[in-house]
Every structure is written in structure tokens, then in C-alpha cells.
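Hi there,

Here is the structure I promised to pass on to you. Have a look at it first, and then read my notes below.

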Amino acid sequence: MLVAGQERLELGLRFRVARAALRLRGLERVAARVHHIYDARLTTLEGRHYALLALDLDDRCELGLAVSDDLADWEFLGLVSAGGNRNGVLFPQRVGGRALRLDRPNRLGVSGDEIWLSASDDLLHWQPVAPVAAG
């Protein structure tokens, strides 16, 4: 678990690794069996800290979203992708009133080779906008 330190740096916050495991309330909202949660990408948006997480399920990887106000207590808000996706990162501000993220859709259960821009009005329901890079 990462805990924010008292000292503000010019480009961000200084963190220290806590000895206790991270508590993630609300994970029971996922109907599928969750095998792993990893690759958290942290973004502060509108004064709250969000983590886009990769969740390995039985048959695919999906993005999940968690939120924290203090970087210690986290609430899982739900799966925010469908059909296979991973490596998501939120933009730190809305554009035209919409939240934006970059993500990597997986096609046919295989790690994707494209990065997409996706948009949302509520951070929970996302629509792909356009590819921004392809391998």
C-alpha cells in the first residue's frame, strides 16, 4: 500500500511503502472470479485519487476503477471495460466535460497492440473514441 508523505515535491508527492496490505472495499461487486489485481495507474482528478487496475478474470483481463481520498482507504467502484482490456490510465483533467483515458483493448483473449482514447461522462461507462497508436 502506498501512503502519501507529508512533504510535497515540485512534481508530485513522495510515497513510502506501508507494511500492511492494501484494503480494497467493494471487490465483491465483480460477478466473475478475480485471480489477480495489478498494474495500478494512479491519477488525481477533481481532488480525488483514482486507480485504474488490471483484473485477471477466468477468461479475460478487464479494467477496474478504485477511488480514495487519502491513498490509504480504497473503494472499488466496478469494472470499467468489457470484452478484454488492460493498461488504462486516466487523464488528470476533463476535456469538454468528459473524462478521458488511454487503454489497450485485448482482441480474442490476446494482449492488444493498439492504444485507444476512450471517453466517459461518469468514469464508469466508457466509449472508445479512436486509436492513438498501433504496433
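**Strands and their partners**

Leu90 has Arg101, in strand β9, as its bridge partner. A word on the numbering and the origin: residues are counted from 1 along each chain as its sequence is written, and this is a predicted model, in which local features need pLDDT of at least 70, side-chain atom pairs count only at pLDDT 80 or more, and totals for chains, interfaces and linings use all residues. Side-chain values use heavy atoms, with hydrogens and water left out.

Strands here are DSSP runs (E, at least two residues; helices are H or I, at least four), numbered from the N terminus. Two strands pair if DSSP finds at least two bridges between them. As background, strands of a sheet pair through backbone hydrogen bonds, either parallel or antiparallel.

β8 and β9 are antiparallel and share four bridges. They belong to an open sheet of four strands in the order β8-β9-β10-β11, paired antiparallel. Its edge strands, β8 (85-90) and β11, each pair on one side only. From one strand to the next the twist averages 30 degrees (axes are lines fitted to C-alpha atoms, for helices over the stretch in contact, and angles run from 0 to 180 degrees between N-to-C directions).

Then look at β4 (residues 34-45) and β5 (residues 48-57), an antiparallel pair joined by nine bridges. One of the places to check is Leu42, whose bridge partner in β5 is Ala51. The two strands form a hairpin with two residues between them, and Glu46 in the turn has a positive phi of about 55 degrees.

**Salt bridges**

A salt bridge here is a side-chain nitrogen of Lys or Arg within 4 Å of a carboxyl oxygen of Asp or Glu. How many salt bridges does this rule give? The count comes to ten.

One of them joins Asp39 to Arg86, with the closest N and O atoms 3.6 Å apart. Because Asp39 lies in strand β4 and Arg86 in strand β8, the pair ties together parts that are 47 residues apart in sequence. Is Arg86 buried or exposed? For these words, buried means under 20% relative accessible area, exposed over 50%, and partly exposed in between (1.4 Å probe, protein chains only). Arg86 is buried at 17%, whereas Asp39 is partly exposed at 28%. Asp39, Arg41 and Arg86 are linked in a network of salt bridges.

Arg94 sits in the loop between β8 and β9 and Glu46 in the loop between β4 and β5, 48 residues apart. Glu46 is exposed at 55% relative accessibility, while Arg94 is partly exposed at 26%.

Of its 15 lining residues, the closest to the centre are Ala82, Asn85, Arg101, Pro105 and Pro128. (On a 1 Å grid over the protein atoms alone, a pocket is an open set of points with protein on both sides within 12 Å along at least five of seven lines; lining residues have an atom within 4 Å of a point. The volume is the space filled by probe spheres set on the points, which are joined across faces, edges and corners.) Strand β9 supplies the largest share of the lining, three residues.

Enjoy exploring!

How values were computed
1 Å grid on protein atoms, 1.4 Å probe; cavity = no way out; pocket = protein on both sides within 12 Å on 5 of 7 lines; lining within 4 Å.
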